[in-house]
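Trainee: I am new to this structure. Please pick out how its pieces pack together and go through that part closely.

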Amino acid sequence: MDMDKIVSLCKRRGFLFQSSEIYGGLNGFWDYGPLGVELKRNLKEAWWRDMVAGHDDISTLPGAPSSYEMVGLDCTIIMHPQVWKVSGHYDLFVDKMVDCRTEGCKGRFRVDHIPSSECPLKPSKCPGAHDKCSLTEPRDFNLMFKTIIGALGGEEDAAFLRPETAQGIFVNFKNVLDSSRVRVPVGIAQIGKSFRNEITPRNFTFRSREFEQMEIEFFCHPSESRKWYEYWRNRRMKWWQDLGLSGSRLLLREHHADELSHYSIGTADIEYAFPFLPEGEFGELEGVAHRGDFDLRSHMEGKLDPNSKPNLQVQLGADGKPVHKGSGRDLTYRDDITNERFTPHVIEPSAGADRGALAILCEAYHEDSAPDDKGELQTRTVMKFHPRIAPVKAAIFPLVKKDGMPEVAQELYRALKKKFPVQYDEKGAVGRRYRRQDEIGTPYCLTIDGQTLTDQTVTLRDRDTLEQVRVKLADVVSEIEQRVSG
Ligand code: GAP
């Protein structure tokens, strides 16, 4: 798998562009082109449908300890600064960073990205392109983007762009439960933008400064949290596999006990062997974490941190020191059947929509051979997207631009277009038209030919098997609908 070829196809066919490209681009920011936006929307919609809107609240799903409910939420990107103080992001969401003083380099590096042989404490070789480096001492760099609220705002009006969507769910836990008649166990889901001022954004969209997350905070009884953790870990892995990441490039990696926070029973990463990584290395696509009652408890009670820095609307204690003050609200839950009151434990499956789309693009990329119009085998580039995720579901071709074929083809195009994205193409030899669709991953091509005019059937060509079957014109819409739905 050649990453350069994938990047080049993404630009050439309109999946991804560098943000603000005509001004030289902006490092760590990416725009989705006409096909990319469909791809990413399909991914997010599949997640929302499978996890939230289409979730069966009344049956016990395979592997689940019991039935459970799922609801959605859409919170603001800018929240009260105290949220980030209490969550720990304000003080602890930092990367250690070093700068290189070498003239001509002046690079900035994350300490954990520098191989140990090039450790800044024993500099021998610059992580930039230089033999000799002079690295500064490591220092903390907070990853949250800062902004100011209001026209006349000063430092005390500073606020942050959220670095994760999760906190919006925690602070709305009570609102959702009080307003929705849902009971624990319940999952609250959110898709939205998050922002991190990454020191070294890199590897295409993998490490961006603006990206989208698909997060679930699943609230359950503490005694059942281990079973729920196992359920979500397996369910989320299967979900990615069902979307086409089914090969050995996808991995479920359970964290070792010494990697876990003190409150956590387990964390697993769902990882993908992105082609820009060295052979045998995997990059995180989604984390599934058991978070205990840490988040709800923090937003109730807060905690005192003697090392925390004063600032903003963050509250100060009587001693003048900043206090990690919680909301003071009761975020416990009372089970109306057992009458038990408890602070729910949380299982958090947190996925990246951009990393998901990138993994799907990498997995889909294939080069094989297919016959051209003269029957000779030619190399073709084909994106083997799962039909559910493919940006264009079908392409409609009249074999020739005469004999009434375009009219029939256009009518079919309009009927299909009411249901999903399809393309109409009458330009060039039909083999070249197939090639264009293969390269953008269109799973089905429908050709109107001479036979259509006599028996009302069309050829349906499958992108992957190259098989062609004849389908009744009247059945085409339902046939494609059924093929792309699941
Ligand atoms: N609420 C938990 C949380 O945010 P995380 O592991 O920091 O956990 C979850 O992020 C997911 O968000 C990651 O698995 C990844 O897919 C995505 N993500 C995180 N940082 C990212 C970045 N800089 N660029 C693109 N995606 C990112």
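Mentor: The protein is divided into domain 1 (3-91 + 143-360), domain 2 (94-141) and domain 3 (392-484), with bounds that come from an automatic or database domain assignment. This is a predicted model, in which local features need pLDDT of at least 70 and side-chain atom pairs count only at pLDDT 80 or more, while totals for chains, interfaces and linings use all residues. Residues are numbered from 1 along each chain as its sequence is written, and side-chain values use heavy atoms, with hydrogens and water left out.

Take domains 1 and 3 to begin with. Their centres, taken over C-alpha atoms, are 40 Å apart. Seven residues of domain 1 are in contact with six residues of domain 3, where contact means heavy atoms within 4.5 Å. The two domains bury about 530 Å² between them, 51% of it on carbon and sulfur atoms; buried area is the accessible area (1.4 Å probe) that two parts lose on being put together, summed over both.

Now the helices, which are DSSP runs of H or I with at least four residues, numbered from the N terminus, as are strands (E, at least two). Helix α2 (residues 34-53) and helix α7 (residues 225-242) have axes that come within 12 Å and cross at roughly 140°. Axes are lines fitted to C-alpha atoms, for helices over the stretch in contact, and angles run from 0 to 180 degrees between N-to-C directions. α2 and α7 are therefore oblique to each other: under 35 degrees counts as roughly parallel, over 145 as roughly antiparallel, 65 to 115 as roughly perpendicular, and the rest as oblique. From α2, the contact is made by Leu43, Ala46, Trp47, Asp50 and Met51, and from α7 by Trp232, Arg235, Arg236, Trp239 and Trp240. These residues divide into seven nonpolar, no polar and three charged. Nonpolar covers Ala, Val, Leu, Ile, Met, Phe, Trp, Tyr, Cys and Pro, charged covers Asp, Glu, Lys and Arg, and the others, Gly among them, are polar.

A second pair is α10 (residues 405-417) with α13 (residues 476-485), whose axes come within 10 Å and cross at roughly 45°. α10 and α13 are therefore oblique to each other. Leu412, Ala415 and Leu416 of α10 meet Val476, Val477 and Ile480 of α13. By class, that contact has six nonpolar, no polar and no charged residues.
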